[in-house]
Amino acid sequence: MSAEPGHGRGARRERLGAAGAVALGAALMLLAASRTWVHAVVQDPLAGPLQVDASGRQASPVVAAVALVALAGAVAVLTLRTVGRLVTGLLLVLSGAAAVAAAVDVLRTPSDALRSVIADATGRSGDLLPVAHQTSWAWVAVGGAVLVVLGGALTVSRARGWSGLSGRYDAPVGAPVEPGPQAAAADGGERAAPEASADPASDSWDRLSRGDDPTV
């Protein structure tokens, strides 16, 4: 008899663990996206040496976008039912993998992430690509994206064994109202007979109004 409650607690912990991993991964990606990923010094012929920095949002906009999707996915894992969780888990796996690929691409070619920043700073691009230096924030974004992938994979594999929201969130259902005797008679095709008056004076008055002598 104690196996079912234990199974329910285990499923609840799995669901919370999956949602927590996704939420933590999203938070790490948002934090990393707001920090500097790549920096370098550009020797501009007219302006001289310029220090340029590219944040995560500039170097890899995909990471910030996936972080917002992951936050919504963490809520969906907790609230949706089986089919919705399966779709959400698959979306989390795909979007997390895309964020990993985008962050790794910056790590492989950091100078490319500075193209738009250099163009904004100098008005030219292409011939001013310097040797770029990376920071560790891109790796933080990779770690956050991996957590999103793991949370989504756990959701896909285990969603069928997770229950929905607790019954206390359901709308209360009132007890059915018993039909009265007159309604029951009407449903059966018969009309209820009027009750006889219990007042003698009223009976006498009714007989007198019809022309009968109530004294007889």
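## Helix packing

Angles between axes under 35 degrees count as roughly parallel, over 145 as roughly antiparallel, 65 to 115 as roughly perpendicular and the rest as oblique. In this predicted model, helix α4 (residues 82-108) and helix α6 (residues 137-158) pack at an angle of about 160°, with their axes 7 Å apart; α4 and α6 are therefore roughly antiparallel to each other. The axes are lines fitted to C-alpha atoms over the stretch in contact, with angles running from 0 to 180 degrees between N-to-C directions.

## Basis and overall fold

Residues are numbered from 1 along each chain as its sequence is written. Local features need pLDDT of at least 70 and side-chain atom pairs pLDDT 80 or more, while totals for chains, interfaces and linings use all residues; side-chain values use heavy atoms, without hydrogens and water.

Eight helices and three strands make up the elements of the chain, in the order α-β-β-α-α-α-α-β-α-α-α from the N terminus. Helices (H or I, at least four residues) and strands (E, at least two) are DSSP runs. Of the 216 residues, 31% are buried (under 20% relative accessible area; exposed is over 50%, partly exposed in between; 1.4 Å probe, protein chains only).

## Salt bridge

The structure holds one salt bridge (a side-chain nitrogen of Lys or Arg within 4 Å of a carboxyl oxygen of Asp or Glu). Arg-158 pairs with Glu-14, the closest N and O atoms being 3.1 Å apart. This pair links distant parts of the chain, with Arg-158 in helix α6 and Glu-14 in helix α1 (residues 3-33), 144 residues apart. Arg-158 is partly exposed, at 39% relative accessible area, and Glu-14 is partly exposed at 25% relative accessibility.
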